[in-house]
Amino acid sequence: MSMIQSSRFLRNALAADAAACAATGLLLAAAAGPLSSLLGFPASFLRGAGLVLLPCAALLAWFCSRETLPRLAVHAVIGVNILWVADSIAILVAGWFQPSGLGIAFVLAQAAAVAVITELEVIGLKRSGAAPAGGLAA
């Protein structure tokens, strides 16, 4: 398995991703009811999205604490983020829901934030070098 020596830039980008996932996940999971009427999405959808983000936040927090990582893990994070952005846009154009103006703005803002964090992770990956033989290190 190809390992990388995580650059400080990559670890910071992963930490920002973890913090954003945790904050958004907690907000959506804990306040799905009130947010539902404001955003125009079903509470169960918002709660589910929030609950999906929480384990992602924990995994990202663990990744950002590692000096070496499997290259594939970082590629997976980037790929999942790209999928999240694409799904966010699909939610708005597919007509599955009738979001309010605030709901549309929320979806676009979080998609833009994920896109920026993803680009930072790509830059961080490019700044990371090959890891010395020996596997995962703290």
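Axes here are lines fitted to C-alpha atoms, for helices over the stretch in contact, and angles run from 0 to 180 degrees between N-to-C directions. With that in hand, welcome to a predicted model, in which local features need pLDDT of at least 70 and side-chain atom pairs count only at pLDDT 80 or more, while totals for chains, interfaces and linings use all residues. Residues are numbered from 1 along each chain as its sequence is written, and side-chain values use heavy atoms, with hydrogens and water left out.

**Overall layout**

- The protein chain holds 5 helices and 3 strands, where helices (H or I, at least four residues) and strands (E, at least two) are DSSP runs numbered from the N terminus.
- Along the sequence, the pattern of the protein chain reads β-α-α-α-β-α-α-β.
- The C-alpha trace of the protein chain spans about 55 × 25 × 20 Å along its principal axes.

**Helices α1 and α3**

- Helix α1 (residues 8-30) and helix α3 (residues 43-64) have axes that come within 7 Å and cross at roughly 155°.
- That angle makes α1 roughly antiparallel to α3 (angles under 35 degrees count as roughly parallel, over 145 as roughly antiparallel, 65 to 115 as roughly perpendicular and the rest as oblique).
- The α1 and α3 crossing is left-handed, meaning that the near helix is turned anticlockwise from the far one by less than a right angle.
- Contact (heavy atoms within 4.5 Å) involves, among others, R11, L14 and D17 of α1 and L46, R47 and A49 of α3.
- By class, the contact of α1 with α3 has 18 nonpolar, 3 polar and 3 charged residues; Ala, Val, Leu, Ile, Met, Phe, Trp, Tyr, Cys and Pro count as nonpolar, Asp, Glu, Lys and Arg as charged, and the others, Gly among them, as polar.

**Helices α4 and α5**

- The axes of helix α4 (residues 71-93) and helix α5 (residues 101-126) come within 9 Å, crossing at roughly 160°.
- α4 and α5 are therefore roughly antiparallel to each other, and α4 passes α5 in a left-handed crossing.
- Residues making this contact include R71, V74 and W84 of α4, together with I104, Q110 and E121 of α5.
- The contact of α4 with α5 divides into 16 nonpolar, 5 polar and 2 charged residues.

**Pockets**

- On a 1 Å grid over the protein atoms alone, using a 1.4 Å probe, a pocket is an open set of points with protein on both sides within 12 Å along at least five of seven lines, and lining residues have an atom within 4 Å of a point.
- The largest pocket holds about 380 Å³ of space, a volume being the space filled by probe spheres set on the points, which are joined across faces, edges and corners.
- Of its 19 lining residues, D17, C21, L53, L60 and N81 are the closest to the centre of the largest pocket.
- α1, α3, α4 and α5 each supply at least two residues of that lining, and α3 gives the largest share, 6 residues.
- The lining of the largest pocket has 15 nonpolar, 3 polar and 1 charged residues.
- The second largest pocket has a volume of about 290 Å³, and of the 14 residues that line it, F45, A49, W84, I91 and Q110 are the closest to its centre.
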